[in-house]
Amino acid sequence: MITVFVQNNDKTQTVRCSDGSQGVMQFDKDSSAPFYKFQFYAHRHPSFWVSSRQFTDGKKVVVKDVDHEENFTLKFV
């Protein structure tokens with residue numbers, strides 16, 4: 001399980017992970033259903049998104065990629 005440390009706001013920001021990797025979170029408010037998109041540098045982890053309603057402290061996200069499944073937890077800092 002990878003913990004993604006993120007600030008509780010809708011600003012584009014660098015996020016850090018419990019395994020030492022980093023990425024970026026962006027908020028897309030212009031779509032019909034606003035969402036937060038997470039992408040990781042050097043493709044270390046698969047990217048994923050959560051809706052604005054799902055963006056909560058402790059939210060667990062399971063990402064099934066072609067090769068494997070990865071589990072994330074969001075942690076507000």
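Ser 51 sits in strand β5. Strands here are DSSP runs of E with at least two residues, numbered from the N terminus. Ser 51 counts as buried, because its relative accessibility is 14% and buried means under 20% relative accessible area, with exposed over 50% and partly exposed in between (1.4 Å probe, protein chains only). Leaving out residues up to four places away in sequence, Ser 51 touches Pro 34, Phe 35 and Tyr 36. Contact means heavy atoms within 4.5 Å.

This is a predicted model, in which local features need pLDDT of at least 70 and side-chain atom pairs count only at pLDDT 80 or more, while totals for chains, interfaces and linings use all residues. Residues are numbered from 1 along each chain as its sequence is written, and side-chain values use heavy atoms, with hydrogens and water left out.

## The sheet

An open sheet is formed by 7 strands. Their order is β5-β4-β3-β2-β1-β7-β6, and the pairing is mixed. β5 and β6 are the edge strands, each pairing on one side only. From one strand to the next, the twist averages 30°. Axes for such angles are lines fitted to C-alpha atoms, and the angles run from 0 to 180 degrees between N-to-C directions. Two strands pair if DSSP finds at least two bridges between them.

| Strands | Sense | Bridges | Residues opposite each other |
|---|---|---|---|
| β1 and β7 | parallel | 5 bridges | Ile 2 and Phe 72 |
| β1 and β2 | antiparallel | 2 bridges | Val 4 and Cys 17 |
| β6 and β7 | antiparallel | 5 bridges | Val 63 and Glu 70 |

Two hairpins deserve a look. One joins β1 to β2 through 6 residues. Another is formed by β6 and β7, with 4 residues between them.

Strand faces come next. β1 has Ile 2, Val 4 and Val 6 on its covered face. Thr 3 and Phe 5 are on the uncovered face of β1. In β6, the covered face holds Val 61 and Val 63. Lys 60, Val 62 and Lys 64 make up the uncovered face of β6.

## The nonpolar core

A nonpolar core is a set of buried Ala, Val, Leu, Ile, Met, Phe, Trp, Tyr and Cys residues joined through side-chain atoms within 4.5 Å. In soluble globular proteins, nonpolar side chains tend to be buried together.

The largest nonpolar core here has 17 residues. Which of them touch the most other members? They are Val 4, Phe 38, Phe 40, Phe 48, Val 50, Phe 55 and Phe 72. Several strands contribute at least two residues each: β1 (2-6), β2 (13-17), β4 (35-40), β5 (48-51), β6 (60-64) and β7 (69-76).

Take Phe 38. Its neighbours within four places in sequence are set aside here. Phe 38 is then in contact with Val 4, Val 6, Val 15, Val 24, Met 25, Ser 47, Phe 48, Val 50, Phe 55 and Leu 74.

Phe 40 lies in strand β4. Is Phe 40 buried or exposed? Phe 40 is buried, because its relative accessible area is 7%. Not counting residues up to four places away in sequence, Phe 40 touches Val 4, Val 15, Cys 17, Gln 22, Gly 23, His 45, Pro 46, Phe 48 and Phe 72. Thr 14 is 26 residues from Phe 40 along the chain. The C-alpha atoms of Phe 40 and Thr 14 are separated by 9.4 Å.

## Charged pairs

Side chains of opposite charge can pair when their charged atoms come close. A salt bridge is a side-chain nitrogen of Lys or Arg within 4 Å of a carboxyl oxygen of Asp or Glu. By this rule, there are 2 salt bridges.

Lys 11 forms one with Asp 10. The closest N and O atoms of Lys 11 and Asp 10 are 3.9 Å apart. Lys 11 is exposed, with a relative accessible area of 54%. Asp 10 counts as partly exposed at 38% relative accessibility.

Asp 57 forms a salt bridge with Lys 75, and their closest N and O atoms are 3.8 Å apart. This pair links distant parts of the chain, 18 residues apart. Asp 57 is in the loop between β5 and β6, and Lys 75 is in strand β7. Asp 57 counts as partly exposed, at 42% relative accessibility. Lys 75 also counts as partly exposed, at 37%.
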